Amino acid sequence: MQAKPRIAIAGFQHETNCFGTTKAGLAEFEMADSWPAMLDGDTVIRETRGMNLPIAGFAKAAEEAGMELAPILWCAAEPSAHVTDHAFDTICAKILDGLHAAGPLDGIFLDLHGAMVTESHPDGEGEILRRLRAWAGPGLPIAVSLDLHANISAASVELADYIAIYRTYPHLDMAETGARCVPVLRHLLAGGTLHKAFRQMDYLIPLHAQFTGATPGRELYDALPPLEQAGVLADIALGFTAADFPDTRPSCVAYARTAAAAARAADHIAGLFDRLEAHSDHPMLTPGQAAETACQPRTRKPVVLADVQDNPGAGGTSDTTGLLAALANAGAQDVLMGLFHDPQAAAAAHEAGQGSVFRIALGGRSGAAGDQPFDAEFQVVALGGGSCRYTGEMYGGGTATLGLTAVLKLHGTQAGITLVVTSIRNQCLDLAHFTHIGLDPAAYRTVCVKSTAHFRADFEPIASAVYPVAAPGVFPCDLGTFPYENLHPDVRTIPAKG
Ligand SMILES: [Zn+2]
């Protein structure tokens, strides 16, 4: 080892919805959206500094710990259907080229998601690690951070020396998760060993029930600090239900100085999963029930309706209209909705100009059964230039790239509905998505967000109540309706009821 340990850092994140409509090509990884555009070399550190990203947290902690960093590449694409072979092979090759050029290394840190499915590789992260391990050889430590929604394979656990996983959903601890890899790498570089244990669970947890502020997530993650106090580094992934492959399931990893201690910790977590299975689903409203809720007398704070099956952060198209149609039919008043991804509508609004009224068939192009465009007149209330600074805890300090943006008000009907339309897909999880364009969500009776749980960090403080709504979308939260083809035969999509 060199006087100052030299660690290469790279990131390549995608959460793949195998039932989604559009794939992630190279352009999607190169462009900015909810996260920065593709970064390489020194920009990896410079452009992510201070952000809630694993690579930023790792870089800060590593520099503070006296490590020298060799930044290679970082990229992410908004969740969607499969990563194309061209994108995957190109990005893997860029990372390997960067490692070749980096000179002598003592270790590697990788900021990965854990639920990547490519056209040719169902286990995307396993394949990334296989290629990197083949290059690095068995002796070079590789530490990896993964998303709480990772579907972890035995191959990934075998190929990586250490895996750290986010422990919060909304993901408030992404940078912290990266930072947790630093002391482990130091331990390994000092000649220390870590024994591993890995367990996979037998049932899926719907995404909207993975919120870590409630059962079962709260109880599962509460189990980790006591294990850590006992000297075991354990982490839990709740899985990403829309990635259809045999490792799509919750899992846990445990690392300890003895194999027995790691195995005991992993068995303890697996036992907790067994006991919590009957509590691993949460009720959802139908669009009709949501509309009834929106027509109740106003409460002091808004009611937040989460359009959970059209979350772009889970590969949704962010343009479904089921909830909008139900609210419009019910004549709901004082409603704010976002973010609709419809580049044609955003462009038409800009062409029409502020104050004008135009007619368009909004959204509804998801292909999901029961979803259709919403044909109506809209008044252009405000126009936006394309980006905003996040102000919430999850992404605060970062920039959302929204593209052409417009605030539209439904025109010529009884209903009072205002919505924000963008031309780049972003998950509506930060109040700034509304406030940057002159809208105050707290002033509305009802706020509708196309998000599953990330919105809770910023919207719960202004909400009187939060309800998940099951309107048609390409991310069904009722797992019994997913047309799975590749799940492990032991995995239950509907939890056994105690
Ligand atoms: Zn996630």
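These are my notebook entries on a predicted model, taken one topic at a time.

I started at the metal.

I then looked at the geometry. For reference, the ideal angle for four tetrahedral donors is 109.5 degrees.

His-149 sits in the loop between β5 (142-146) and α6 (154-159), while His-171 sits in the loop between β6 (162-165) and α7 (174-179), so the two histidines tie together parts that are 22 residues apart in sequence. Are His-149 and His-171 buried or exposed? Both are buried.

**Cis peptides**

The peptide bond joining Tyr-169 and Pro-170 is cis, with omega about 10°. Pro-170 lies in the loop between β6 and α7.

I noted another cis bond from Thr-215 to Pro-216, where omega is near 5°. Pro-216 belongs to the loop between β7 (195-200) and α9 (217-222). I flagged these bonds because most peptide bonds are trans.

**Cysteines**

Cys-252 is buried, with a relative accessible area of 0%.

For Cys-448, the closest cysteine sulfur is that of Cys-428, 9.8 Å away, which is again too far for a bond. The cut-off I worked with is 2.5 Å between the sulfur atoms. Cys-448 also counts as buried, at 2% relative accessibility.

**Helix α8**

Cys-181 came up again when I looked at helix α8 (residues 181-189). Seven of the nine residues of α8 are buried, so the rest of the structure largely encloses this helix. The buried ones are Cys-181, Val-182, Val-184, Leu-185, His-187, Leu-188 and Leu-189. After α8 comes Gly-191, with a positive phi near 95°.

**Helix pairs**

I looked at α4 (residues 85-101) against α5 (residues 124-136). Their axes come within 11 Å and cross at roughly 30°. That angle makes α4 roughly parallel to α5. The crossing of α4 over α5 is right-handed.

Next I took α12 (residues 287-294) and α13 (residues 322-329). Here the axes come within 9 Å, with a crossing angle of roughly 50°. I therefore wrote this pair down as oblique. α12 also passes α13 in a right-handed crossing.

**Around α13**

I stayed with α13 for a while. How many of the eight residues of α13 are buried? Six are, and I call the helix mostly covered. They are Gly-322, Leu-323, Leu-324, Ala-326, Leu-327 and Ala-328.

Ser-318 is not a glycine, yet its phi is positive, at about 60°. Ser-318 lies in the loop between β10 (303-307) and α13. I count Ser-318 as buried because its relative accessibility is 0%.

After α13 comes Gly-331, whose phi is positive and near 70°. Asp-334 has a positive phi as well, about 65°, although it is not a glycine. Asp-334 is in the loop between α13 and β11 (335-341). Is Asp-334 buried or partly exposed? It is partly exposed, with a relative accessible area of 25%.

Last entry: Pro-476, found in the segment after β19 (465-469). Pro-476 is 168 residues from Val-308 in sequence, but their C-alpha atoms are 8.2 Å apart in space. I checked the accessibility of Pro-476 too: with a relative accessible area of 16%, it is buried.

Technical notes: Residues numbered from 1 in each chain as written. Predicted model: local features only at pLDDT ≥ 70, side-chain atom pairs only at ≥ 80, totals over all residues. Heavy atoms only, no water. Helix = DSSP H or I, 4+ residues; strand = E, 2+ residues; numbered from the N terminus. Buried < 20%, exposed > 50% of the residue type's maximum accessible area, 1.4 Å probe, protein only. Axes fitted to C-alpha atoms, helices over the stretch in contact; angles between N-to-C directions. Parallel < 35°, antiparallel > 145°, perpendicular 65-115°, else oblique. Left-handed = near helix turned anticlockwise from the far one by under 90°.
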